[in-house]
Amino acid sequence: MNIIAKIKHWFTEAPYVEGTVIESERIGSRIQKVTIGLPLDVRGPFPMGSYIVAYTWGCIPRAYSIAKTDGGSFTLLVSFSGGGAGARYFRDITVGKKVIFYGPFDDFPYRAGTGRPKIFFATSTGVAPFRMMVDAAISEGLHATIVLGSPKEGDVAFKEELEELSRTNPLFSFVPTLSNADPNWQGARGYVTDYIYKNPEIVRSSDVYICGIPPMTLGVLDALKKIRMPQDKIFVQKFG
Ligand SMILES: Cc1cc2nc3c(=O)[nH]c(=O)nc-3n(C[C@H](O)[C@H](O)[C@H](O)COP(=O)(O)OP(=O)(O)OC[C@H]3O[C@@H](n4cnc5c(N)ncnc54)[C@H](O)[C@@H]3O)c2cc1C
């Protein structure tokens with residue numbers, strides 16, 4: 001067993017897949033949107049809310065949520081705010097590059113059949129698992145809201161398509177919330193937790209999903225506690 005195979009074995013015995021980057025796009029100043037094509041013997045779509053673990057630099061595992069998926073590919077949103085191994089690996093990744101990963105792991109499912117509206121809280125790349133969950137909620141005839149925190153307008157992932165969806169579908173609301181907005185920004189300013197304090201009744205009557213880095217997740221959980229949100233209606237995916 002060579003050294004790379006040994007390192008992989010320490011982390012997991014799950015099967016490995018070698019995908020190929022088919023699209024790589026910069027979003028704002030801190031996100032790379034990367035679409036990876038699957039080999040012919042591995043077919044999607046991967047489950048909603050699942051994540052894969054990529055072997056960045058061939059041996060450093062980093063988890064990324066699936067933002068979109070079809071039979072032959074899946075899309076990730078990779079933050080390079082932290083500047084670590086995963087960030088540096090994906091930041092300038094080009095089409096044609098091979099990416100070894102294992103998964104998908106399915107531990108953040110969409111809860112269908114509750115009959116309650118959905119509110120999805122995220123910052124930055126934390127919006128990834130919610131892109132498909134919004135479509136699932138709408139298919140159930142339920143209202144869905146994404147409250148997405150970002151520093152600036154250009155940093156909002158899926159901005160155009162989510163704005164378009166909110167314009168054309170009354171079952172969807174999009175609340176991009178900017179912490180460092182330009183003076184001409186017309187939307188919400190501040191932090192995603194502001195939405196909770198402004199709309200406690202709406203939040204309490206919904207299923208709440210949270211995804212992002214631990215400080216944001218803990219901040220939202222704290223705000224939910226203050227409005228006495230039922231604990232069993234809160235679903236969390238922490239990025240670390
Ligand atoms: C189940 C799961 C799903 C995840 N999905 C995603 C995803 O879809 N997109 C994504 O970008 N990350 C995701 N993460 C986090 C990801 O695996 C990495 O930990 C993260 O991107 C930082 O990796 P790094 O090597 O760049 O930095 P590291 O060397 O690991 O960390 C460097 C610094 O970055 C900070 N940091 C950690 N995570 C983030 C982040 N997401 N944004 C900004 N700073 C961070 C750390 O606190 C640290 O200070 C997920 C994690 C888990 C556990």
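**Close-up views of the predicted model**

H3 is followed by Gly141, whose phi is positive, near 80°. This is a predicted model: local features need pLDDT of at least 70, side-chain atom pairs count only at pLDDT 80 or more, and totals for chains, interfaces and linings use all residues. Residues are numbered from 1 along each chain as its sequence is written, and side-chain values use heavy atoms, leaving out hydrogens and water.

**View 1. Helix H3 is largely enclosed by the rest of the structure.** H3 spans residues 128–139. Helices (H or I, at least four residues) and strands (E, at least two) are DSSP runs, numbered from the N terminus. Ten of the twelve H3 residues are buried. Buried means under 20% relative accessible area, exposed over 50%, and partly exposed in between (1.4 Å probe, protein chains only). Among the buried residues are Phe130, Arg131, Met132 and Met133.

**View 2. The ligand takes up the space of the largest pocket.** A pocket is an open set of points on a 1 Å grid over the protein atoms alone, where a 1.4 Å probe fits, with protein on both sides within 12 Å along at least five of seven lines. A molecule sits in a pocket if more than half of its atoms lie within 2 Å of its grid points. The elements that give two or more residues to the shell around the ligand are strand S4 (60–65), strand S6 (73–79), helix H2 (85–91) and strand S13 (234–238). S4 gives the largest share, four residues.

View 3. The ligand is surrounded by 20 residues; to count, a residue needs a heavy atom within 4 Å of the ligand. The closest are Arg62, Ala63, Leu77, Ser79 and Gly86. On its own the ligand has 870 Å² of accessible area, and the protein covers 71% of that. Areas come from the Shrake-Rupley method with a 1.4 Å probe.

**View 4. Ser81 lies in the loop between S6 and H2.** Ser81 is partly exposed, with a relative accessible area of 44%. Its side chain makes a polar contact with the side chain of Ser79 (3.1 Å). Such a contact is a pair of N or O atoms within 3.5 Å; within protein, one must be able to donate a hydrogen and the other to accept it, and residues adjacent in sequence count only if both atoms are side-chain atoms.

**View 5. Thr177 is buried in strand S10.** S10 covers residues 172–178. Thr177 has 4% relative accessibility. Residues in contact with Thr177 include Val147, Ser150, Arg189 and Tyr191, not counting residues up to four places away in sequence. Contact means heavy atoms within 4.5 Å.

View 6. Most residues other than glycine have a negative phi, and most peptide bonds are trans. Trp57 is partly exposed at 47%, whereas Ser124 is buried at 16%.

Terms used: On a 1 Å grid over the protein atoms alone, a cavity is a set of points where a 1.4 Å probe fits but cannot get out, and a pocket is an open set with protein on both sides within 12 Å along at least five of seven lines; lining residues have an atom within 4 Å of a point.
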